[in-house]
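Dear colleague,

Please find the structure below, handed over for your own work. My notes on what was found in it follow.

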Amino acid sequence: MSRLQAEHLYKVFGRRPEDAVRRLEAGAGREELRAEGTTAAVIDASIEVDEGQIFVVMGLSGSGKSTLLRTLNGLLEPTSGTVRFDGQDLTSLSDKELRKVRSEKISMVFQHFALFPHRSVLENAAYGLEVQGVPRAERTARATEALELTGLKGWEKSWPDELSGGMQQRVGLARALATNADLLLMDESFSALDPLIRRDMQDQLLELQKSLKKTIVFITHDLNEAMRLGDRIAVMRDGRIVQIGSAEDILVTPANDYVASFTQDVDRTRVLTAGAIMTEVGTVLGATAPDGTKLTTAAEFRAAAPAVVGAGTPLVELFTPCAAGSVPVAVTDEQGSLVGAVTAERLLSVLGEAAEQSPAPAGPVPAEADGTAAAEQTPAKATSVEKTAAHTSGDTDTDHDPEDKVSAGA
Amino acid sequence: MPRIPIGSWADSLVEWLRDHAEWLFHFVTTVLGGFYDGILAVLSGPEPLLLTGIFAVIAWWLRGLPAAVLTFIGFALIDSIEQWHQTMQSLSLVLVACIITVAVAVPLGVWAARNRAVSGAVRPVLDLMQTMPAMVYLIPGILFFGLGAVPGIVSTIVFSMPPAVRMTELGIRQVDGELVEAADAFGTHPRRTLFRVQLPLALPTIMAGINQVIMLALSMVVIAGMVGGAGLGGTVYLSLSSVDVKLGAEGGLAVVILAVYLDRMTSALNQRVSPLGRRALAKAQAALGGLKFLQWKPATSLATVAVVVLALVAGGMSVLGKDKGSGAAGTDGNGRPISLGYVNWDEGKATTFLWKEILEQRGYKPRAEALDAGPLFTGQARGDIDVQTNAWLPTTHAEYWKKYKDKLEDLGAWYDKTSLEIAVPSYMKGIKTLDDLKGKGGTFGGKIVGIEPGAGEMKLLKDKVLKDYGLGGEYKVMESSTSSMLTELDRSIHDKKPIAVTLWSPHWAYDKYKLTKLKDPKGSFGSGDSLHMLGRKGFSKDEPQVANWMKNFHLDEKQLTSLESEVKNAGTGHEQDGVRAWLKQHPGLVNKLAPSAKADYAKGKDAGKTPTLGYPAWDEGIATTYLWKNILEKRGYRPKLQNLDVGPMWTGLSTGQIDVETDAWLPVAQKQYWDKYKKDLVDVGAWYDKTSLEIAVPSYVKGVKTLDDLRKHKDTFGGKIIGIEPGTGEMKRLKSVVSPAYGLDGFDVTEAGTSAMLTELERAYAKKEPIAVVLWSPHWAYSKYHLTKLKDPQGTWGANNQIKTIGNKSFPKKFPEFNGWLKNWKMSAAELGSLEKEIQAAGKGNENKGVEKWIDAHPGIVDKMAPVK
């Protein structure tokens, strides 16, 4: 169920913005408008975010991602388009109503922390509550709770300038969480932190999300971060969204060269999962176990495998088992049933691919299952694979198959 | 380029404003003037050292102990060099200007920070305000607001507003945009963002702006001094115009002390006001080690308590202490104010202070102000100044006279031995006349050092004198100012260099240096000016007597120069002492210069003293005390009166709080008080002994002459005797002794009060009804009505009291002259009765009028009661 919908958002700076929108819709280019002194920062952006999902918007500087974020809570008024949260159209609200929504339903975390230097850590964390008009005692209690959540217990009386960067951002996060807002907008929140702290913060966010299940829109220019955090990722370029999909979608089936070059340096072993590259069990039956026995049944294979991993396991964890011997690694689904296997060759070949992906050989499917094989099995192709986490099949426009081999199943 | 008449436009604008916006200027003058007066009253109330203590506490609060000590020393020094009052005036001016400036500048700065259009519009206006020379504001300033503190305040506001606005705008803009965005993102209303985020963070910059305002305001004090704003600016200006280095140094030092104090305090204020500053302070305080007490600053609450305590002490002292006796009753002036203005030339200063003294003696409240010639004439034309004593006409001040003569009155010339000339130092040989200057142009560097370009002498010199003597080619007349010319003269004489200056007589320069007046055989300089007294238009109508005195005023050369000399010797700030010294050498001159019927009273030996007379609310007490007040004032004393009940009165006499009272009834009626306190008191003497207690009846009641007759005619009186307060000695005596003795028990004695009895008497007397009242003598009733005291052959009423004057035991030593007068003073019953009657007739609050009437009716009584040799 999507909680946040943004449809056909435009943001144009300069003279006659509405005019510019019409021209853009009609197909005018961004550079054309730039020459006239009009800047189209966001062009026809539409996104949907589900409850409890982290939606990452990724792009280089100037791609319009921060502008897009600010149109969501009205800090910048969209030139055209609508934003709906929980069914309420935010773009049509009066200033007063919008402030109310910002106070109660939306929180923001900033790149450079934006802590008020003339207030203590506790007062900063309690700021959102103060705006809401919550009485002091309750404010203090809830802010203290939020600080504890982000790991800053005991620092309430300190001042922002006494804290390190990472700690300051925790305060920023606590401030955003204290109001119990459901929608969190995070503007490159970890970009100003050093790599180790950054990792910690990402971990913490993911940890918190498990229990809090907030709807989060996260802006970043760091691909690894996007891959780590994003349930769904939108890639922006020059004001437009060029692709929306899961991390693997972006990685394995980039929409165009731009996206592909973006993802070039990503550490695939941490993004791709066993389930994405596995081959059917049948293809590996017939292998010989180290002790000489031939593996003929799925169960035998499973017993002889050097490791049995879940489909969501990142590839990086498969190296050691794959290198152990000639028996492939067994892959199971959430329920524990065997669904596939990963050979060392397969592993190597996938990693050796550049932006292209090669189809995995589709072989006959052994009749282990009872006719529901087609439904159970994931087609042995690295397209439209889905993470096992909660995910809708709302794939949109920019998803397409460069290579058209679809295993039709039986 | 064709001549664009911008100056004329500006002039027309000023004129138009004066005609149409008078109400606005009047409003501004009233508001600013009132504000200034209020603050000044608060600052000048307390004793200087007490206020210094308060300043020191503030310094301690803001900057610690060393600063407090230095503050105390600094301000005590200001008091020592006699610049305290001026410093308070300047401080008041600075405070008023700053408060108004900040109140306008901060909101304006905030607005400019949020709105580009406003920022752009405001910038050029601020530039204009900041760069236009402040002197230029002064001319219209005086025209719009008159002389005094207000034009100075307005100029200061205009000059110091730009930095405050700019700093505020800067401070707000400099607040991190991300913080404002964060506040916005959490739903904060823009106004709350301003107050909760932007202002607190911009505060250090804004405080820096305020600090600037104060410093600029102080730099304007001199300008304020030139237009009657007095204060330290007045001191500096005065020193400038009289080339008085001593005074200049002291005035300048006071300015420095004040400036440093205000600068340090306002910059430290940031620590107490802005949240970031407070944090820094808390951190610093927490981190103190060793010499902690030096850096320790008391908490705001503690400092506030200290300041409040000091302020209460100061306030209490001023209530108890500074009671100035009136001294104006029965005088010509009756306390009316008169303002005298003078340019700081010797004869002007001397004659102004002479007239100040004379007017004070005649009971006026004169004020003397030193001003530049321009503001003086303008101020007089506006009506802010009543009189100036030293207008040089027809030449020197011709321009001013021409401009303002419709608004001025010429009160006549008092001196005419003036001359205008060129003078050279006597060491220049062979130069004795104006002709001698010819051919010597080279020696003098081709110039004659002149004074203000607008002075009549300068015009005369250029138009006539140089031409007549053919000096135009060789000599150029340098325009400067009187003080510059005098400084130049001093320098040249010091270095024994040649110099020719424009000068005039009389002038102190002729006393100080050996100069030669160059003879003017052709008479080109004219016959010299006369010195005129000028009044503002309408002055003769408002103060005909003073105007008359001034019209008849003359001094000869010897008198003038000796007066100038005495004034100069007395020194700045003590001119009036010099005048008094001079008047001592010229006895009777004041009476000659300002003859007055009322003032034909010689001053007593102890004139100026302030005895405190106590009196009970009894008729004879009121009457005699007001009589003595009047007489003492005529003799130049400044008596104070205190109305008290009998008990507190005697106690006050014993402690010395009261010096003397004239209404003690002894030896009987007030015996107990005398017995209690007599070791602290002195019996000055009885002045009345015809007191008695009696029952009285109107004289129209025939055949009732004695108390026995009363008994016999009981029915005539309806069996009633109208009595007074039941607890009084008289009523008790009536009941216990008199009544039984004469068999009056059958009478119904009404017990009410004295006023009820008198009212009843009045009523019955008007209707010619018979009535018997309890009464006593002396009493005004005996003057008002024809009454018969019922004889008391048996003497039942007891021994009579005398009315005595009793004083505190120190009274004869403190007031020997007054003591002597009281000792010899006696009054008859008729005198007392008529005095009481007049005072009654005049009514409460107008006792003195009654006294005056009585004195007029008793010629020579003053000399009889208070003789002086």
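**Helix packing and other findings**

Axes here are lines fitted to C-alpha atoms, for helices over the stretch in contact, with angles from 0 to 180 degrees between N-to-C directions. Helices (H or I, at least four residues) and strands (E, at least two) are DSSP runs, numbered from the N terminus.

This is a predicted model, in which local features need pLDDT of at least 70 and side-chain atom pairs count only at pLDDT 80 or more, while totals for chains, interfaces and linings use all residues. Residues are numbered from 1 along each chain as its sequence is written, chains are lettered from A and ligands numbered from 1 in the order in which they are written, and side-chain values use heavy atoms, with hydrogens and water left out.

On the H9(B) side, B:Leu179, B:Val180 and B:Ala183 make the contact, and on the H10(B) side B:Thr193, B:Val197, B:Gln198 and B:Leu201 do (contact means heavy atoms within 4.5 Å). These residues comprise five nonpolar, two polar and no charged (Ala, Val, Leu, Ile, Met, Phe, Trp, Tyr, Cys and Pro count as nonpolar, Asp, Glu, Lys and Arg as charged, and the others, Gly among them, as polar).

H10(B) also packs against helix H13 (residues 245-273) of chain B, at an angle of about 165 degrees and with the axes 9 Å apart. H10(B) is therefore roughly antiparallel to H13(B). The crossing of this pair is right-handed. Among the residues that meet are B:Met207 and B:Ile214 in H10(B) and B:Leu262 and B:Leu269 in H13(B). By class, the contact has 11 nonpolar, four polar and one charged.

In chain A, helix H7 (residues 136-149) and helix H8 (residues 165-178) pack at about 130 degrees, with axes 8 Å apart. H7(A) and H8(A) are therefore oblique to each other.

**Interface**

The contact between the chains takes 28 residues from chain A and 20 from chain B. About 2,100 Å² is buried between them, 60% of it from carbon and sulfur atoms (buried area is the accessible area, with a 1.4 Å probe, that two parts lose on being put together, summed over both). In chain B, B:Glu178, B:Phe186 and B:Arg279 lose the most area to chain A, together 35% of what that side buries.

**Backbone**

Cis peptide bonds join B:Leu393 to B:Pro394, with omega about 10 degrees, and B:Ser505 to B:Pro506, with omega about 0 degrees. A:Ala114 has a positive phi, near 50 degrees.

**Confidence**

The predictor gives the complex an ipTM of 0.76 and a pTM of 0.59. The mean pLDDT of chain A is 81, with 85% of its residues at 70 or more (pLDDT is the predictor's confidence in each residue, from 0 to 100). Over residues 357-410 of chain A the pLDDT is below 50. Where pLDDT is low, the predicted coordinates should not be read in detail.

With kind regards

Terms used
Parallel < 35°, antiparallel > 145°, perpendicular 65-115°, else oblique. Left-handed = near helix turned anticlockwise from the far one by under 90°.
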